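Have the viewer open as you read.

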Amino acid sequence: MDEPVAKNRVWDKNELMDRPELENLQLYRLRQVMDRVSHVPFYHQAFAEKGVTPDDIRTLEDIQKIPFTTKADLRDHYPLGFLAVPRNKILRYHGSSGTTGRPTFVAYTRNDLDLWAHLCARFLVAGGLLPEHTVQIAFGYGLFTGGFGLHYGIEKVGAAIIPAASGNSGRQLLLMQDLQTDVLVCTPSYALRLAEVIQQEQLDRTSLALKYAHLGAEPWSEDIRTHIEKELDILAFNNYGLSEVIGPGVSGECVYRNGMHIQEDHFIVECIDPDTLEPVPPGEQGELVFTALTKEAFPLLRYRTRDIASLNPEPCPCGRTSVRMSRITGRTDDMLIIRGVNVFPSQIEQALLKIEGTAPHYQIVVDRPGSLDTVTVNVEMSPAVFSDRMSDLQALRDHIVREIQSITGIQMQVNLVQPQTLERFTGKAKRVIDNRGALS
Ligand code: ADP
Ligand code: ZN
């Protein structure tokens, strides 16, 4: 077992609840939420079709009697068909960032906003946040849940907030220096960007007080974590959430950083095979499904996230009794089917990170010029290896092609591009350009 990277602190004793007590609470809350949504037209109809009522839920396994809710169901009831309270009870609306199409809206009552802040406070404290810290939020403030969600969680802990919002790296670094920011909140790709700007500007690291980063909202790998931690000389923690479930605050890492603790007193998690819809055993990858137990305005039951991860029910040395989820390895709708083979962008990243001399910046372009899919990976070279000796570049390119092929089984075209030529992102990174839809 790895050593904890910081002092283990717990925000709220519910995090340490015994498993049987926790499961009893979940069961009680599950029946309650079924009652609360029974007048939402979608659930009213779905419960009637399945012939299921709260009385049929006698054990947690009985959750399988409840129908799933999907993104398509949300779109079919756009904009607010899933509201479970009258509109005059709503204090706030947010929306998904629309990574995969038209945004969907979600809503919060006063209690929902309190709960959300509380859940964010929990994972932030688990990841080292102290009331005396100064935290810079470099997430967008807007419909996206990241900015406001973290903002009120940090306020709950009692730390100071710099609501810098996203973008403008020069100004971010100025704020970090002049206000002596301890903790950074943003996407992993933006943390990478800031690290890069610090290097380019040859900024004196000792002029910064930065100690921690809480990163989330998009997939990232352990290698990227190592890179960010080394470059920024900080500890970086992973946290996960999605607007449909609540926003950030669904899960986050403790100081042992061996999976993200799911806040199970408020969410029931399942991990299913996305094809058969059957549960997969612990440790196996599947699609995460969440049921929000305590939300008022917008509680979704068995929401299929399309996020792929595995669950670990083993006890954690931090004392929290909740199940931990692995990093997200991809989204089912992220998955590229290349000549019939399933490929996740994260596999290509995995290949690149094994190779010295490639920067963590790449772009995947998929085409179908005739009847066969082609994939081109544009890989940015790090300034250190950037050289115009053709033989070196050829060897580097061949190495990348082989590495990608050994992980994905597919031969892809690789282009090496000069340092600083691929787009940088201030929010979620967009690394895949799929031109096939346009052609078919
Ligand atoms: P959208 O689906 O439009 O991106 P959200 O802004 O609600 O909507 O983003 C939620 C999604 O972001 C999750 O479903 C997941 O795919 C991704 N995500 C959030 N946090 C993480 C994380 N720590 N690691 C990987 N992916 C994450
Ligand atoms: Zn733990």
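Of the 440 residues in the protein chain, 55% count as buried, where buried means under 20% relative accessible area, exposed means over 50% and partly exposed is what lies in between (1.4 Å probe, protein chains only). Keep in mind that you're looking at a predicted model, in which local features need pLDDT of at least 70 and side-chain atom pairs count only at pLDDT 80 or more, while totals for chains, interfaces and linings use all residues. Residues are numbered from 1 along each chain as its sequence is written, chains are lettered from A and ligands numbered from 1 in the order in which they are written, and side-chain values use heavy atoms, with hydrogens and water left out.

What is the chain built from? The protein chain has 11 helices and 21 strands, which are DSSP runs numbered from the N terminus (helices are H or I, at least four residues; strands are E, at least two). Its radius of gyration is 22 Å, close to the 22 Å from the globule rule for 440 residues, so the chain is as compact as a globular protein of that length. That radius is taken over C-alpha atoms, and the rule is 2.2 Å times the number of residues to the power 0.38. Along the principal axes, the C-alpha trace spans about 75 × 60 × 45 Å.

Across the divide, 23 residues of domain 1 are in contact with 14 residues of domain 2, contact meaning heavy atoms within 4.5 Å. Over the whole protein chain, 68% of the contacts between residues at least 6 apart in sequence join residues at least 24 apart.

Finally, some backbone details. Most residues other than glycine have a negative phi, and most peptide bonds are trans. Against that background, look at the cis peptide bond joining Tyr78 and Pro79, with omega about 0°. Pro79 sits in the loop between helix H3 (71–76) and strand S1 (92–95).

Asn168 isn't a glycine, yet it has a positive phi of about 55°. You'll find Asn168 in the loop between strand S4 (160–162) and helix H6 (169–178), partly exposed at 48% relative accessible area. Leu277 also has a positive phi, near 65°. Leu277 lies in the loop between strand S10 (267–272) and strand S11 (286–292), and counts as partly exposed at 31% relative accessibility.
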